[in-house]
Amino acid sequence: MVLGAALIVFAMPLETPRHIPYGPDLFPNIVGIGMIVFGLVAAIRAWTGADAAPGLRGERRFGLPVVAFLAVPLLFVAAAPALGYLIIMPLLLGGLIGLMRGRWISSLLIGTAIAFALQVLFQQLMRVPLPWGLLEPYAGVLTWM
Amino acid sequence: MDVMLRALVLLADPVVITAMVLAAIYGLAVGSVPGLTASMAVALIIPITYFLDPVPALAGVMTLSAMAIFAGDLPGALLRIPGTPASAAYADEAYRMTQQGRASQALGVGLVCSAVGGVFGAILLITAAPWLARIALQFSSYEKFWLACLGLTAAAAVSQGHWTKGALSLLLGLAIAQVGLDPVSGQMRFTFGFSALSAGLSFIPVLIGFFAIPELLRYALGAGRNGAQVAAAAVGLFHGLWTDLKRLRWGIARGSAIGAVIGAIPGAGADIAAYVSYALSKRLSRHPEKFGTGITDGIASASASNNSSIGGALIPATVFGIPGDSLTAIIIGVLFMKGLNPGPNVFLMNADLINAVFLSYLIANILIVPFGFAAIAGYRYVLKVPKSVLMPAILAFCIVGAFAVDNTMFAVLTMLMMGIIAYALEEGGYPLAPAILGLVIGPMLEETFLTSLTRARGELLAFVERPVAGGLAAVTIILWLSPLIVFLIRLIRNRKDAQRDRGGQSRA
């Protein structure tokens, strides 16, 4: 319902161009109204107990692994441009595997191997410009394909 | 026939063959890991297809889809954990056979029936799609609008859970599709000053987020970290198979036909096809009590059905640009990315290319037998990769894959945000498929709606004046009203029951 209302509110400033009879706000308004109506039905169903959300199935804990899985992409976004893919990804991946397995040295080695395999696949073979960061001066040496 | 020969020549290229073989191995590996779906396998591979030519890219995706759906049978039969939702219908039955020491029989029947179903779906696709395309060429924006509406309505109606949740999920997909340039006036919409949003949210990071991140989060939350491991046995895989296939030939044919039809209905994918085929086999069986105790009857029909459904789903996907399920929605994304814009014109402008794609799907389904046999033999090695390594590796793949599409960190953030939203949706019982379908069909729906409205000068009757448009509108509106009709029927029936009860009590 909130998202539907937000769609309508944010579509308000959109102006209809002179030569087109129906502007860019029409469709967002229809979708927004639909969201409000169906949201209301879903809320009533939940309130009357007709539609109890399944909730967390099985034994689940919001612990360090969840934080780590969410933090890895964020840390990559924050640190990769400065440090470079080849430095940050082995550390993040090795750290995450280590957290899950509990054996740090071998996990760091596995993480490094996987990170390098991905670098070969994406950067060397498919020419994806993964950030070099601190290794920028050595980019020529490290590009071997 | 000339078109088919030219299409075959396109496929007879070392790069295409290599792409198909690698995609087959990848599809079998991902599909056989419990929790990793065929949709996720395809979503993860898209960044790689981005850098390939259209034929190897699309032939690879087709091969991958066929293999991943079959591979879901492996953990289903050996661990009682279906590799993909498409194998869930008969995982219990196959596992019972494994417990009885008949794993080879269960897997052998599943393997051959998957190939038969897949070939049936592919032949139907090759023959029906160009024929339908000729009809679709007559369609105006009105028919296209109602087709998009029908597709989205069916997606919301047949999705798992209550239809309100399907509708909300669908509307969310439509809302996400509105970010960026408005398709008619070209104005910026919901970009909030971010230039990265001007072209809309990138499709691939959204898909990766939707299909991979929720599974990773569920793993991180502790669900599915453990699982018993059983060594696969490929010994005697084809022993007694012919007798089984001869006995079950009608069930296999029925499953293939049901799969193709259900697959073509937007929103109803391989999982629903398998459930319906299994249930129908049980209902029509002379010994329904034996279902669930470890017999091949249900496995044969349902495994033919889930593979056949992809061929069926590809018909509306390629002819009308309307995906049958989330897997074909992703395939449509790849078609767009490779300049093969789905629609009737693709059969005129790119006939060789689209037929090469269809042929690759047919070949992939034939290849299921040798590759599947090898997969069954080598399955023990896939099981040996611990999830504590596999899941972080998938996360790294997601990050690099999302980045590779636009070469921006914004794509990585999009993937993460969409993943969290998808996880919340799934935990709340909201199906993901309608959201994906909304995302794919949204721009087409808006464009055809506004174009039709402008052409009709606001006259809504014009939307139903043409016969085909009127027919499509009638079906769509009946589907819209069906919850109300069902509610009224139930109300009347309950009142009649109450009256009958009161009558019975007063007579007593």
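Trainee: In this predicted model, what share of the contacts in chain A between residues at least 6 apart in sequence join residues at least 24 apart?

Mentor: For chain A of this predicted model, 47% of the contacts between residues at least 6 apart join residues at least 24 apart, while for chain B the corresponding share, taken among contacts between residues at least 6 apart in sequence, is 79%.

Trainee: How many helices and strands does each chain have?

Mentor: Chain A has 6 helices and 0 strands, so that its pattern, read along the sequence, is α-α-α-α-α-α. Chain B has 22 helices and 2 strands.

Trainee: Which helices of chain A supply at least two residues each to the side that touches chain B?

Mentor: Begin with the extent of the interface, in which 50 residues of chain A are in contact with 47 residues of chain B. On the chain A side, helix H1 (2-11), helix H2 (26-47), helix H3 (64-83), helix H4 (85-101) and helix H5 (104-125) each supply at least two residues, and H2(A) gives the most, with 10 residues. By class, this side of chain A has 40 nonpolar, 4 polar and 6 charged residues.

Trainee: What does H3 of chain A pack against in chain B, and which residues of H20(B) are buried?

Mentor: The buried residues of H20(B) pack against H3 of chain A, together with H10, helix H11 (213-220) and helix H19 (387-406) of chain B. Those buried residues are B:Ala411, B:Val412, B:Thr414, B:Met415, B:Leu416, B:Met418, B:Gly419, B:Ile421, B:Ala422 and B:Tyr423. Just after H20(B), B:Gly429 takes a positive phi of about 85°.

Trainee: Which residue has a positive phi although it is not a glycine?

Mentor: The general idea is that most residues other than glycine have a negative phi. Here B:Phe190 has a positive phi of about 50°, and its place is in the loop between strand S2 (188-189) and helix H10 (203-211) of chain B. B:Phe190 has 21 other C-beta atoms within 10 Å, and therefore counts as buried, the cut-off being 20 or more.

Trainee: How is a pair of packed helices described, and at what angle do H6(B) and H14(B) cross?

Mentor: Two packed helices are described by the angle between their axes and the distance between the axes. The axes of helix H6 (residues 88-99) and helix H14 (residues 270-284) of chain B come within 7 Å and cross at roughly 55°, and the two helices are therefore oblique to each other. The contact is made by B:Ala88, B:Ala89 and B:Tyr90 of H6(B) and by B:Asp271, B:Ala274, B:Tyr275 and B:Tyr278 of H14(B), which divide into 6 nonpolar, no polar and 1 charged.

Trainee: Where in chain B does pLDDT stay under 50?

Mentor: It stays under 50 over residues 226-232 of chain B, for which the model has 13 contacts beyond four places in sequence. The mean pLDDT of chain B is 81, with 90% of its residues at 70 or more, and for the complex the predictor gives an ipTM of 0.89 and a pTM of 0.73.

Notes:
Residues numbered from 1 in each chain as written. Chains lettered and ligands numbered in written order. Predicted model: local features only at pLDDT ≥ 70, side-chain atom pairs only at ≥ 80, totals over all residues. Contact = placed C-beta atoms within 7 Å. Helix = DSSP H or I, 4+ residues; strand = E, 2+ residues; numbered from the N terminus. Nonpolar A, V, L, I, M, F, W, Y, C, P; charged D, E, K, R; others polar. Buried ≥ 20, exposed ≤ 12 C-beta atoms within 10 Å, placed from the backbone. pLDDT = per-residue confidence, 0-100. Axes fitted to C-alpha atoms, helices over the stretch in contact; angles between N-to-C directions. Parallel < 35°, antiparallel > 145°, perpendicular 65-115°, else oblique.
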